Amino acid sequence: MGSATGPQRQFPSGGDYAEALQHTHLCFRHPELKGARPELTKLGLPRAISGAFASVFSLTSATSGQRYAVKCFTRHVPDQERRYQAISSRLAQLDPAELSQPWALGFEYLPDAISVGQERYPVLKMEWCEAVTLSSWLDDNHADRFAVGRLADRFEALTRDLAENQIAHGDLQHGNLLVASDDTLRLVDYDGMYVPALAGLNGTERGHRNYQSSLRGNDDFGDDLDRFSAWVIFLSLKAIAADPALWHRLHEPKGEFLLLTEEDFKSPNGSTGLQTLLSHPDRMVSSLADQVRSLAFQPLDVLPPLAGTLPGQRTATTGATRTAASGAGTAPAPAAGGLPGWMAGHVAQSAAPPSIGPVVTSPDGFRVRTPLDVVTAVLWPLVLAATVLIVVAGLSAPLIGKGLPVAAAVVFTVFARGRRVERAQSRAALAQLTNELAGLEDPVKSAEKLRKDRAKFDAAEAKRIAAHPRAQDKLTANYHAELKEIEKRKVRKRRDLDKKIDGLAEELRRALGKALADKQSAYVRDQLSRRLIAQSPPHGIGPTLAARLAAAGIRTAADFKGYRSAQNTNYNSTGAVLVLNNGRVVDVHGIGEAKAIALDVWRKSLVTSAEARQPTALSASERQSIEQGIDHRRSQLAAQRKAVESETDALRAKARKELEDGQERLNRENRRAGDRARQQRQEFSRRAVELQQNSVLHGTLSASLEAAKLRHRGLSYASYLRFLYLGH
C-alpha cells in the first residue's frame, strides 16, 4: 500500500505498534531496521514514548549496531510525506559550521515501512541522541548559575540560527529541547516545523499550551511561530541563572512547564509565577517578565524575535516590533511638559507654574511733580536766602537759632517726599513680595525632606519586595514538606499493607496446616475416646482398677495424657499419678508406677495406631473455605491499599489548596501594597514637580524682592531733591 494517507485512514495505536515490534524481522523491510533490537520494558514489551500524534521506540540495528529513534504515527497528519520531505531537504542545506551548535538531528521518512496487521504504515527513522530533556537538566543543574546562564545564551543562539534560516520549530518546550553531555542543545520532534517550502499550508499543531500564546491558531504557520515560546523559555533560563531558588519556588516536580504556565499568560494579574518575576529585584528578570506579559496579548506576526531584541538593546525593526520591545528596558522618552515618560499618565501635570499674582509696580524713580513738590522746590531757595540774611545781618532771637529755617525746610521736604505715590507703591511692592516669599517653603529644606521621605519609602519598599518571595518560599517549603510527609505516610502504609498482602501466602499455608493438624488431632481424639479401659484393659488392669479409674474420670484412652512419678511417703516407695488432659493429676488407689506405665504404653500404642490411619489432607470444601477467607482478606487489604492512594490524593489536594490559598492571600496583600506604593510614588512625583515649580517661583520672587529693594533705595532723600530741581 502506498504512503498516501487519506483523512479517513485509521492508524494503529501505540500498543499495536509495540506488539508488532516484538518481531522486527517480520514487520520491517528496511535493512537497518529489519531484525533490530527494541528497548524493552520490565514486562518484555518494546518501550514506547507516546505523544499526541505518534509513539517513539528505541531500536538498535542488528547490522550496524547504530541506535535509532523510530517514530510510529498514531494519527493522520495532512500532507505528512510532503512536509517531512521539505523539512529534511531544508535541514540538509544547513552548514553545520555556520550553526551555533549541532542542534539539528538527521532523520529519514520511510513510507510503507512497518507492517501492522494486514497493512503497512510510514515511520520516521531518526538519529538517536544521548541527551536529557531541558527540565531534567535543570533538575540537576539549576543551582549552577554559570551553566544555566550559558545555556540561556546557547538557546538564544539556537533561535538566531532558526530565524536566520527562516525555520520555526513550532513546539519549543522543555520536552523537545534536549541538553547533550557538552551542555549544547538538540531539537527533536519536527512534526510541526515550518520551512519556506511549506509556506501557504496550515499548521498541524498548536504546540504545548504552557509555552504558546493564546492567540496562536492553526492558520499561524510561518517563521514567527517560535517567538512567544522563545521568550518564555529564555525568561525562565535567565531567571533561574539570576536566582536558582526560583526553580523550586515556581516549578513543580514533573510539571509540564519550567516556571510559567498557560494560566500565567492568560491572567497575569492573578499569576503567582509572573508576579514573582515582575517584582524580582534583578532588573533583567523583571524586564524580561514585563516583556513576556506584554507579548502574551499580541498577535504572533508583530512579536519581536528573541535574538537581537533583548532588553536594553536597540533594533531596527518594524514599528510594531519597536512598540512591542519598548516595554523591555529601553529608556522612555520625556513626556510632554518635561516629565519623564514613566510618569506620564501617573502624575497630573500642571499647565504652567503658579504665578506670583498681581503686585503693585515698584517704580524706578519719582515721576510727575505735584503742587506740594513745587512748594517744596520754592521753599528751599527762600529758606536759604533767609538763612543767609540772618547770618549776614547778625540777626538772632533768643528762642530761634540760626539753623531753624533749614531744619524746618528739611522736615517739610521729608514730609513732601513721604507723600509721594512712588514711595507708597514701593513699600506695597516690598511688602507683597516679602509676604509671597514667606509663604513659600524653603526649596533646600523641602528637597531634603523629600529625599529623606523617599529614602525611607524605598527602604521599606525594598524590604517588602524582598519579604514577598521569602513568604512565598516559606509557603512553598511548607507545601513540599507536607507533600514529603504525605508521601512518607503513603509509602509507610503501602509498605505495611504490601507486607501483609505478601504474607497472605504464608498465612494460607499456616491456616491449611493448622486446619489439617486440627482435623488429625480431632480424629486421634475420636479414636482414643472409642477405646474403653473397661472393655479392653491394658495388662494388669482388672475390673476393680477400671472402676476406680472411671470414678476418677478416666474411662477411655482419651481421658488422660500420661503419668507422673510420685513419692509414696507411707510406704517409702515410688508411686505414680495420672495426668488428665487439662493438666490436673489424679491419684488412683492401686495404680502404682508399673500399672501407670502399662496404661501409658497402652494409650501410646492406640495413638500410634490412630495416627497411622488419620487423614493426610483436607477435603476440597474445607480447603476452599480457608482459601475464601484468605481471598477475602486479600480483597480487604487491596481495598485498603487503594484507599491509601485516594487518601493521599485528598491530602495532596488539601495541601495544594492551602498553598494556593496562601499564595492568593500573599499576592492579594502584595497587590494592595503595590497599589499603595504606586500611589505613594505618584505623590512623590507630584511633590517633586511641585518642588521644582516652587524652586523656580522662589528664585523669581527672591530676584524680584532684591530688585524692589534696589528701586526702593532709589527713592532716597537726595534723589527726591534731585527730582525737585532736575526732574529725574
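The largest cavity is lined by Ile486, Arg489, Lys490, Lys493, Val644, Glu647, Thr648 and Leu651. A cavity is a set of points, on a 1 Å grid over the protein atoms alone, where a 1.4 Å probe fits but cannot get out, and its lining residues have an atom within 4 Å of a point. The structure is a predicted model, in which local features need pLDDT of at least 70, side-chain atom pairs count only at pLDDT 80 or more, and totals for chains, interfaces and linings use all residues. Residues are numbered from 1 along each chain as its sequence is written, and side-chain values use heavy atoms, with hydrogens and water left out.

About 50 Å³ of space lies in the largest cavity, a volume being the space filled by probe spheres set on the grid points, which are joined across faces, edges and corners. Helices α15 (443–502) and α19 (620–713) each supply at least two residues of this lining; helices (H or I, at least four residues) and strands (E, at least two) are DSSP runs numbered from the N terminus. By class, three lining residues are nonpolar, one is polar and four are charged. Here Ala, Val, Leu, Ile, Met, Phe, Trp, Tyr, Cys and Pro count as nonpolar, Asp, Glu, Lys and Arg as charged, and the others, Gly among them, as polar.

In total, the structure holds three cavities of 30 Å³ or more.

Eight aromatic pairs are found in the whole structure. Rings of Phe, Tyr and Trp (its six-membered ring) pair if their centres lie within 6.5 Å; planes under 30 degrees apart count as stacked, over 60 as edge-to-face and the rest as tilted. The pair of Phe11 and Tyr121 is tilted, because the ring centres are 5.6 Å apart and the planes stand at 45°. Phe11 lies in the segment before α1 (14–20) and Tyr121 in strand β6 (residues 119–127), 110 residues apart. Both Phe11 and Tyr121 are buried (under 20% relative accessible area, 1.4 Å probe, protein chains only).

The rings of Phe73 and Tyr109 have their centres 6.5 Å apart and their planes at 45°, so this pair is also tilted. Since Phe73 belongs to strand β4 (residues 67–73) and Tyr109 to strand β5 (residues 107–116), the pair ties together parts that are 36 residues apart in sequence. Phe73 is buried, with a relative accessible area of 1%, and Tyr109 is buried at 13%. Ring pairs link Phe73, Tyr84, Phe107, Tyr109 and Tyr190 into a cluster.

How values were computed. On a 1 Å grid over the protein atoms alone, a cavity is a set of points where a 1.4 Å probe fits but cannot get out, and a pocket is an open set with protein on both sides within 12 Å along at least five of seven lines; lining residues have an atom within 4 Å of a point. Buried means under 20% relative accessible area, exposed over 50%, partly exposed in between (1.4 Å probe, protein chains only).
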